[in-house]
Amino acid sequence: MDNNTNTKLYVGNLSYDMTEQELKEYFESVGKVNHAKIIFDESTSNKRSKGFGFIEMSSEENAKKAIEKLNGTEFMGRNIVVSAARPRTKKDF
């Protein structure tokens, strides 16, 4: 079992122009961030952002604080969604 499950957050409704550095800095306003990752569409020639990403906070306490303080806030013109990340599941085709 992954031991960082309770520190990993899903972040949705991101601006397509946002960088991983900007995302990390925004979340550092509530606590230490270990890692920030924006998901890109690899199938397009310009590798456009899919509008969501993941944040790994340094502690479960910081992750809970980030959800409480940042979910629904406006960042770069969009109201972002912040929630606990769910484990990846296999897609059924």
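In which order do the four strands of the open sheet lie, and with which pairing?

**Figure 1. The open sheet of the predicted model.** The strand order is β2-β3-β1-β6, and the pairing is antiparallel. Strands (E, at least two residues) and helices (H or I, at least four) are DSSP runs, numbered from the N terminus, and two strands pair if DSSP finds at least two bridges between them. Because β2 and β6 stand at the edges with a single partner strand each, one side of each has no neighbour in the sheet. Direction ignored, neighbouring strands are turned by 20° against each other on average. The antiparallel strands β1 and β6 are joined by four bridges, and Tyr-10 stands opposite Ser-83 in β6. This is a predicted model, in which local features need pLDDT of at least 70 and side-chain atom pairs count only at pLDDT 80 or more, whereas totals for chains, interfaces and linings use all residues. Residues are numbered from 1 along each chain as its sequence is written, and side-chain values use heavy atoms, with hydrogens and water left out.

Figure 2. Helix α2 lies across β1, β3 and β6 and runs at about 150° to β6.

**Figure 3. The buried face of helix α1.** In α1 (residues 20-27), the buried residues are Leu-23, Tyr-26 and Phe-27. Their directions from the helix axis to the C-beta atoms define an arc; this arc is within 95° as seen down the axis of α1, so the buried residues line one face of the helix. Buried denotes under 20% relative accessible area, exposed over 50%, and partly exposed in between (1.4 Å probe, protein chains only). The packing partners of these buried residues are β1 (8-12), β2 (33-40), β3 (49-57), α2 (60-70), β4 (74-75) and β6 (81-84).

**Figure 4. Aromatic pairs.** Five aromatic pairs occur in the structure. Rings of Phe, Tyr and Trp (its six-membered ring) pair if their centres lie within 6.5 Å; planes under 30 degrees apart count as stacked, over 60 as edge-to-face and the rest as tilted. Tyr-26 and Phe-75 form a stacked pair, with 3.9 Å centre to centre and 10° between the planes. This pair links distant parts of the chain, since Tyr-26 belongs to helix α1 and Phe-75 to strand β4, 49 residues apart. Tyr-26 counts as buried at 18% relative accessibility, and Phe-75 counts as buried at 12%. The pair of Phe-52 and Phe-54 is edge-to-face, because the ring centres are 6.1 Å apart and the planes stand at 85°. Phe-52 is partly exposed, with a relative accessible area of 23%, and Phe-54 is partly exposed, also at 23%. Tyr-10, Phe-52 and Phe-54 form one aromatic cluster.

**Figure 5. Charges over aromatic rings.** A charge sits over a ring if NZ of Lys or CZ of Arg is within 6 Å of the ring centre and within 35 degrees of the ring normal. Lys-8 lies over the face of Phe-54, at 5.4 Å from the ring centre. The charged end of Arg-48 sits over the ring of Tyr-16, 3.9 Å from the centre of that ring.

Note on methods. Contact = heavy atoms within 4.5 Å. Axes fitted to C-alpha atoms, helices over the stretch in contact; angles between N-to-C directions.
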